[in-house]
Amino acid sequence: MKIKRIVLVTGGCGFIGANFIRLLNHRYPQWRIINLDKLTYAGNLQNLAGIEEGENYRFIRGDICDSERIAEIFTEEKINTVVHFAAESHVDRSITGPADFITTNIIGTFTLLENARKSWVERNSADGNPLFLHVSTDEVYGSLGETGLFTETTAYDPRSPYSASKASSDHLVNAYYHTYGLPVMITNCSNNYGPYQFPEKLIPLVLHNGLHGRELPVYGDGKNIRDWLYVEDHCEAIAAVIENGKIGNCYNIGGNNEKKNIDVVEIICDTLDEKLGLLPSKAARRSLITYVTDRLGHDRRYAIDARKIAEQIGWQPRISFEKGIRMTIDWYLDHQQWVEGVVDGSYREYYQEMYGNRQKIGK
Ligand code: NAD
Ligand code: DAU
């Protein structure tokens, strides 16, 4: 079978990366996927259970800041496509400990860009149509007032260490296009939700706590707005950009689905009550909602204008929030073992079980 793309997916054991590898594995059996992941606290090999290593898939545990290792991978695997997800992704962690965000999100992206440049531009060694796709966020645009939408030409105005590190990496990606002619694209997406999301983010956290009758922390007045997109729709959008995007372009991706945080939390409470019955105390789960101190520098509203990707590439979200949130709740209820493994930390042992000490390139 002819391999058309040899894709280095970074961060493929995280939430979106794992959903993306699942989509590629199913949709593009002729592509070879190399998943490079450091397995930080957010990386979980169980997210890819059932994806077999072989001609089409290989997992490598490694750090995107490790230039030597990445150079080996580019040469050995003849990488012609990079889909770069690996990042520190949680805003709250970036507020309490920004250093890892600077290292991974900025230096890590720089290290990948340098290796792609050396491999593809200097040595002219990429077969096919080389592409470096950086998966980024709408948070680079800052915070909106009550009206307006982020477009691809909105000025960058990042306001948390996380978003500043992602903005910085976007700028580096664009610089490599303009300076060296590296074939790049960037996608800037809104808030994702769905299977395999680490239960520190709003939706899986509320789901898990609601299930166990624990407090549901809502920051500030609960009226901050996010534009929610089901993760499969995001993955479809990335695949569409790989197939039909134009080099040097960025594409905003969003769900057309603005919701106040408190409304999201209440929908989850009501759906859990409906599916599981009330709490043992006979109270509804809304009674667990607890307003807590606001996130520092909390962005008020994000909302995406996704007309460019719709008009130029033909992508549109397919899953409504009403459907997606029910699918997500069902998935978490059906995968309690996965959630408990993450919460009690036992998912970290899975790597040893699966791979032991095998981690040399080529073995
Ligand atoms: P995640 O935190 O769930 O996963 C990140 C993955 O990257 C993990 O598997 C982790 O082990 C890996 N990783 C971290 N540091 C690494 C390093 N130095 N080297 C190699 N691997 C490393 O993140 P996510 O929510 O899946 O987000 C993926 C990407 O999408 C990020 O770049 C994020 O900025 C972007 N994004 C996320 C959302 C969202 O709503 N989650 C929305 C828009 C964009
Ligand atoms: O917009 C895209 C971004 O969405 C991605 O780039 C980030 O990687 C991703 O983590 C997400 O960032 P947010 O900060 O918007 O997501 P989070 O789930 O942390 O929070 C969603 C909203 O809910 C936000 O306004 C903060 C609020 N919140 C969050 C948590 C964890 C609460 O009110 N209580 C909570 O316990």
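Two residues are in contact when heavy atoms lie within 4.5 Å. The model is predicted.

**Helix α11**

Helix α11 spans residues 336-344. Which of its residues are buried? They are Trp338, Val339, Gly341 and Val342. These four sit on the same side of α11, because they cover an arc of only 160° around the axis. An α-helix has 3.6 residues a turn, so residues three or four places apart point the same way.

What do the buried residues of α11 pack against? Their partners are α6 (202-211) and α10 (321-334). The face turned away from the buried side carries Gln337 and Asp344, which are exposed. Just after α11 comes glycine 345, with a positive phi of about 85°.

**The site of ligand 1**

Ligand 1 is surrounded by 28 residues. The closest are Asp37, Phe85, Ser89, Tyr162 and Lys166. By class, the shell has twelve nonpolar, twelve polar and four charged residues.

Which elements each supply at least two residues of this shell? They are α1 (15-27), β5 (131-137) and α5 (161-180). The largest share, three residues, comes from β5.

| Residue | Protein atom | Distance to an oxygen atom of ligand 1 |
|---|---|---|
| Phenylalanine 15 | polar backbone atom | 3.0 Å |
| Phenylalanine 85 | polar backbone atom | 2.8 Å |
| Tyrosine 162 | N or O atom in the side chain | 2.6 Å |

On its own, ligand 1 has 830 Å² of accessible area, and the protein covers 96% of that.

Note on methods
Residues numbered from 1 in each chain as written. Chains lettered and ligands numbered in written order. Predicted model: local features only at pLDDT ≥ 70, side-chain atom pairs only at ≥ 80, totals over all residues. Heavy atoms only, no water. Near = heavy atom within 4 Å. Polar contact = N/O pair within 3.5 Å; in protein donor to acceptor, adjacent residues only side chain to side chain. Areas by Shrake-Rupley, 256 points an atom, 1.4 Å probe, with all protein chains shown as cover. Nonpolar A, V, L, I, M, F, W, Y, C, P; charged D, E, K, R; others polar. Buried < 20%, exposed > 50% of the residue type's maximum accessible area, 1.4 Å probe, protein only. Arc of directions from axis to C-beta.
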